[in-house]
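I opened my notebook with a plan to look up the metal site, then a sheet, then a helix. My entries follow in that order.

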Amino acid sequence: MLVETFLRKQLRLKAHTVKQVEETEKFMVVHIDRLGGRLLRCGVCRQRCRKVHGVRKPREWRDLSMRKLPLKLRYRPRRVECPRCGVRVEDFPWAEPWARVTTALSNAVAVLARELSWQGTARQYALNWKSVATIVKRAVDYGRRHQKRPPVHVIGIDEVSRRKGQVYLTVVYDLERRVLLWVGDDRTEEAVRPFFTEELGTRRCRTLQVVCMDMWAAYAKLVREHAPNAQILFDRFHIVKHLNEAVDAVRRELWRQLTAKERTTFKGTRWLLLKNPWNLTDHQKERLSTLVRWNSPLVRAWYLKEAFQLFWSYKQPARARVHLTKWIHSAMRSKLEAFKKFAQMLRSHLDGILPWTTVRVSNGAVEGMNNKIKSISHRSFGFRTAENFIAAIYHCCARLPLPAER
Ligand SMILES: [Zn+2]
């Protein structure tokens, strides 16, 4: 088989043909031409057009490589007269109208960009970083327009930081399917509202049953406003994080009051308090007990933390409520500022904490996805803009369909 015939078949050309394949030092150039008088299609609506208006200057498209040599398609696009759209550039079966690479190459790039950084992907296909960025953003646009949108019942709203915690994005997951639904630039009420009004819309908001989130007023307000029937559930992992931060705050306060000699003994003990007691070695237990003897505030903090954690095993709402109320009471009397604050926060959010006894879901189900987003932000220095970072998150976590090759 001639290489021309092979390429014509591979490119699935019908109204076009491969005239000649030319080998240069850097590329294989595939010269494409019209095939006889076959009808060309309109580049806008893909309608077949009878009349050709003119020939434009040659254009080139990068394609996948042939062995080591990158392939380039070269063709002089025709302008056709479409009965619906008027005079337009024809439709190319090998590429999208805007693209400078073929659909086959852009899909290969998009698939690799789900695993690698944009820089790494660019290097692999001898493209520049900007081309990869364009391909990914176009793929995301296409995927968002063509994705299936089944009803959602249980969602998790979370925030991810960009640029070392200075800027936040809001991410929304479908906790049943464990897939990313939406990303918003910032975590304010205005920034997240489009998720309910545009992404879900009134009809799909009605099917929401549970919304799992951190104790963040803006999110809760939006849920009450747009999905009043959904149960707000404050996320277990976030609550535990706040609890650990309270223990940490007590330790730091104590540290400030200690003398230099005492400090040496203390060094590196912070993690002892964050560990589960049954995971400690004998040596660690001994260090912990010294620590405990010296630090009655820390003992109180530690005890409070352990007592609080019992809440998660309750299955009866009434008993869970009693436990939590008692706990809040003792935390308020603990003389530990951080715990008083934590207890106050719990007290004002009880409505969204107690449902845990009956609705056992948490954003922990998508922790893997959150880690993936973190690794996306670490592996690329190209995400100085939120737009690029958001595109990369959708691309890696939303399971979007890629454009089909025609
Ligand atoms: Zn048309």
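This is a predicted model: local features need pLDDT of at least 70, side-chain atom pairs count only at pLDDT 80 or more; totals for chains, interfaces and linings use all residues.

Entry on the zinc ion. I looked up its protein donors and found the SG atoms of Cys42, Cys45, Cys82 and Cys85, lying 2.2 to 2.3 Å from the ion. The four donor atoms subtend angles of 106 to 111 degrees around the zinc ion, so I recorded the arrangement as tetrahedral. Along the chain, the donors follow the spacing C-x2-C-x36-C-x2-C. Because Cys42 sits in the loop between strands E3 and E4 while Cys82 belongs to strand E8, this pair ties together parts that are 40 residues apart in sequence. I then checked accessibility: Cys42 counts as buried at 0%, and Cys82 counts as buried at 3%.

Entry on the sheet. I traced an open sheet of four strands in the order E1-E2-E7-E6, with mixed pairing. E1 and E6 are the edge strands, each pairing on one side only. The twist from one strand to the next averages 25 degrees. E1 pairs with E2 in the antiparallel sense over seven bridges, and Gln20 stands opposite His31 in E2. Helix H1 packs on the sheet, touching E1, E2, E6 and E7, and its direction makes about 130 degrees with that of E1.

Entry on helix H2. How many of the eleven residues of H2 are buried? I recorded nine, so the helix is largely enclosed by the rest of the structure. Among them are Thr103, Leu105 and Val109. The buried residues of H2 pack against strand E6 and helices H3, H4 and H16.

Notes. Residues are numbered from 1 along each chain as its sequence is written. Side-chain values use heavy atoms; hydrogens and water are left out. Buried means under 20% relative accessible area, exposed over 50%, partly exposed in between (1.4 Å probe, protein chains only). Helices (H or I, at least four residues) and strands (E, at least two) are DSSP runs, numbered from the N terminus. Contact means heavy atoms within 4.5 Å. Two strands pair if DSSP finds at least two bridges between them. Axes are lines fitted to C-alpha atoms, for helices over the stretch in contact, and angles run from 0 to 180 degrees between N-to-C directions. Donors are N, O and S atoms within 2.8 Å of the metal (3.2 Å for Na, K and Ca); water is not among the atoms, so sites may look incomplete. Four donors count as tetrahedral if all angles lie between 85 and 135 degrees; four count as square planar and six as octahedral if opposite donors are over 155 degrees apart and all others between 65 and 115; anything else is irregular.
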